[in-house]
Amino acid sequence: FLRQVRANNVSVAGLWLQDWTGLRVDPFGKRLWWNWELDEDWYPGWSDLVKEVRALNDARMTTYVNPYLASTIAEEKKKYRRNLWLEAANLGYLIKNSSGQPYIQSSASRHFTFSTVDLTNPAATTWFKRVLRCNMLGDQSGCDGNATAVEGASGWMSDFGEYVPFDAVLYSGEPAETVHNKFPELWAKCAHDAVEEAGRTGDVTFWSRSASARSPSYSTLFWAGDQLTSWDEKDGMQSAFRAILSGGLSGMSLAHSDTGGYTEVAMAGVRWLRTDNLLMRWTEMESFTGAMLRTHPGLLPDKSAQVNSSAVLLRHFGFFSKVHALIAPYRTLLMEEAYEKGYPLARYMFLEFPKMLGIWDIADQFMLGSEFLVAPVFDKSDTFKMVVLPVGNWTHVWTGTVHQGTGAPSRVDAPYGEPPVFLWTMPPGEETTINKVAMSVQTKLMALFKQHNQ
């Protein structure tokens, strides 16, 4: 897959392999083994793969982890080196039930059972940090006993954190309903500190799904969770869009979503599967909303559209991977702004134009920083979008045409591959530093668009 997308002109900053611990199948779909060590039968030659990825302009290997441990490793997994659930249970490091036994929960199906590492226990947190350091970051000094260190990852999806039951018993003695909301912060801090203790601060990016008030202190990036592969605002593409914008108001300045969605259904006459059209439009949106552009194979990957399912999809994704890459200098300034002031990268319109009439009701377009206005298309049949341009001059990034903003909706052509994106255009001599960087990016985007459509 990696060689195929590279051969088709896709810009690759990293490879994300969620199933590095091995794959299991249950009634819900293709799932992972929650036993955080490399499955060497599933990925033989792992070190060579990491080196091949790194050879692509210093691209990085990224993986997956969550704070849960599968409870049926001994019974169901053919080969393993460490049974992490058993280790943690014997050490008393798992959240307990009212009987003092490890609290066993299920995820999506009754066959998929797990327990949660009790991160209110400092010893359990230290143990789990060492698992992350050893098995994911390749830090031999973090390994306990039978070392399972491999060539290290440079990041991971830091999933879940929202599953603490209200009747659980915690090491700290705190009420479970209090820890339920606090746990995402403990989980993010655990990952943050593991990276720091491994000496990899600034070199590893993990993206969190759950959060509490102080999670932005620890998480390096957020993502919008497991959307349905649909267009709607309930749990589809539009809900991911709104989650990113709303999260930005809550301190989650850097965020993204699973491009194309994740949750899919194909049973009992119900079908929600990722289509080519949805994947293309979601890619267009995520190229601008996301601090990172990342694809996902989906819950039913064999039934859903992938970026390499056809030449058309490969070409489309290749173009927008380069769009995302070209925005990097501007996005870097926005990240510095986020660090200094807490401003989100992707912003509701009212954050930039708070006094504009009707601006607080606009929820289908956004500002990327202060300079770019983006209006994603949320319907598979639409080839235009009604866009509200605030008063002033706005340059259409793909063609260079200057539009006069009036504050009223105006029709903008939006065929596939050409989502409405505009640059706030300052009068000559009044450009700011960030505006000049944005102008340079727009010039490059227009040249890329012209080359792509020749």
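In what order do the six strands of the open sheet lie? Select them and read across: the order is β14-β15-β16-β21-β18-β19, with antiparallel pairing, where two strands pair if DSSP finds at least two bridges between them. Helices (H or I, at least four residues) and strands (E, at least two) are DSSP runs numbered from the N terminus. The model is predicted, so to speak of local features requires pLDDT of at least 70 and side-chain atom pairs count only at pLDDT 80 or more, while totals for chains, interfaces and linings use all residues. Residues are numbered from 1 along each chain as its sequence is written, and side-chain values use heavy atoms, leaving out hydrogens and water.

Then select β18 (residues 392-396) and β21 (residues 421-425), antiparallel strands joined by four bridges; the bridge partner of His396 is Phe422 in β21.

Finally, select helix α5 (residues 122-135) and helix α6 (residues 176-197), whose axes come within 9 Å and cross at roughly 55 degrees. Where they meet, Thr125, Phe128, Lys129, Leu132 and Arg133 in α5 face Trp187, Cys190, Ala191, Asp193, Ala194 and Glu197 in α6.

Terms used
Axes fitted to C-alpha atoms, helices over the stretch in contact; angles between N-to-C directions. Contact = heavy atoms within 4.5 Å.
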